[in-house]
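Q: I would like to learn how to read a model of this kind, one feature at a time. Where should we begin?

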Amino acid sequence: MSESDWDTVTVLRKKAPKAATLKTESAINKARRQGIPVETTQKFNAGTNKQHVAAKNTAKLDRETDELRHKTVAPSVAKLIMQGRQAKGLSQKDLATQICEKPQIVNDYEAGRGIPNNLILGKIERIIGIKLRGKDIGSPLLPPGKK
């Protein structure tokens, strides 16, 4: 029973204040009143959202005359997709489900707004049976192994 000594007193101390609480204005004023030396520095551009200064190529970009955009599907390819789909009797939604894409993508490709993706074009080629890429665009797609 020597371990449980009722005369022993354990003193719990408060945790040291965190750095964030030391930076508050009230904490700084309290330290000044107590005579503790306080050093305060103001950061330059601290409240702004600027992460980088202007790049050296800014003038070069300003002189650029070309309008930079993504390439879209050629109108001839868009028309071929539409004709091939209609020849098979498919709706845009049916074609989209067969190629495992959203109907909006088929709509964009047929309207000429879609960004060409070889994977999607390859899937559409297989379903409608018309070549959409390469040299002989518009010719019937031959089954694999036959040329």
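Q: In which helix does Arg85 lie?

A: Helices (H or I, at least four residues) and strands (E, at least two) are DSSP runs, numbered from the N terminus. Arg85 lies in helix H4. Before going further: this is a predicted model, in which local features need pLDDT of at least 70, side-chain atom pairs count only at pLDDT 80 or more, and totals for chains, interfaces and linings use all residues. Residues are numbered from 1 along each chain as its sequence is written, and side-chain values use heavy atoms, with hydrogens and water left out.

Q: What is the confidence of the chain, and where is it lowest and highest?

A: The predictor's confidence in each residue is the pLDDT, from 0 to 100. Where pLDDT is low, the predicted coordinates should not be read in detail. The chain averages a pLDDT of 81, and 80% of the residues score at least 70. Helix H3 (residues 58-63) has the lowest confidence, with a mean of 70, and helix H5 (residues 92-98) the highest, at 94.

Q: How many helices and strands does the chain have?

A: There are seven helices and zero strands. Along the sequence this gives the pattern α-α-α-α-α-α-α.

Q: Which residues have the most contacts inside the largest nonpolar core?

A: In soluble globular proteins, nonpolar side chains tend to be buried together. A nonpolar core is a set of buried Ala, Val, Leu, Ile, Met, Phe, Trp, Tyr and Cys residues joined through side-chain atoms within 4.5 Å. Here the largest one has 16 residues, and Ile81, Leu95, Ile124 and Leu132 have the most contacts inside it. At least two residues of this core come from each of H4 (75-87), H5, H6 (103-111) and H7 (118-128). H7 gives the most, with four residues.

Q: Which residues of H7 are buried, and what do they pack against?

A: An α-helix has 3.6 residues a turn, so residues three or four places apart point the same way. In H7 the buried residues are Ile120, Leu121, Gly122, Ile124, Glu125 and Ile128. They pack against H4, H5 and H6.

Q: What is found at the start of H7 and just after it?

A: At the start of H7, a side-chain oxygen of Asn117 comes within 3.1 Å of the backbone nitrogen of Leu119. Just after H7, Gly129 has a positive phi of about 75°.

Q: What does the side chain of Glu125 reach, and with which residue does Glu125 form a salt bridge?

A: Side chains of opposite charge can pair when their charged atoms come close. A salt bridge is a side-chain nitrogen of Lys or Arg within 4 Å of a carboxyl oxygen of Asp or Glu. Glu125 forms one with Arg133, the closest N and O atoms being 3.0 Å apart. The side chain of Glu125 also reaches the backbone nitrogen of Leu132, at 2.7 Å. Glu125 is buried, at 5% relative accessible area, whereas Arg133 is partly exposed at 31%. Leu132 in turn has contacts, beyond four places in sequence, that include Val77, Leu80, Ile81 and Ile137.

Q: How many salt bridges are there by this rule?

A: The count comes to five. One of them joins Lys123 and Glu101, with the closest N and O atoms 3.2 Å apart. This pair links distant parts of the chain: Lys123 is in helix H7 and Glu101 in the loop between H5 and H6, 22 residues apart. Lys123 is partly exposed at 25%, and Glu101 is partly exposed at 24%. Another salt bridge joins Arg113 and Asp108 at 3.0 Å, N to O.

Technical notes: Buried means under 20% relative accessible area, exposed over 50%, partly exposed in between (1.4 Å probe, protein chains only). Contact means heavy atoms within 4.5 Å. A polar contact is a pair of N or O atoms within 3.5 Å; within protein, one must be able to donate a hydrogen and the other to accept it, and residues adjacent in sequence count only if both atoms are side-chain atoms.
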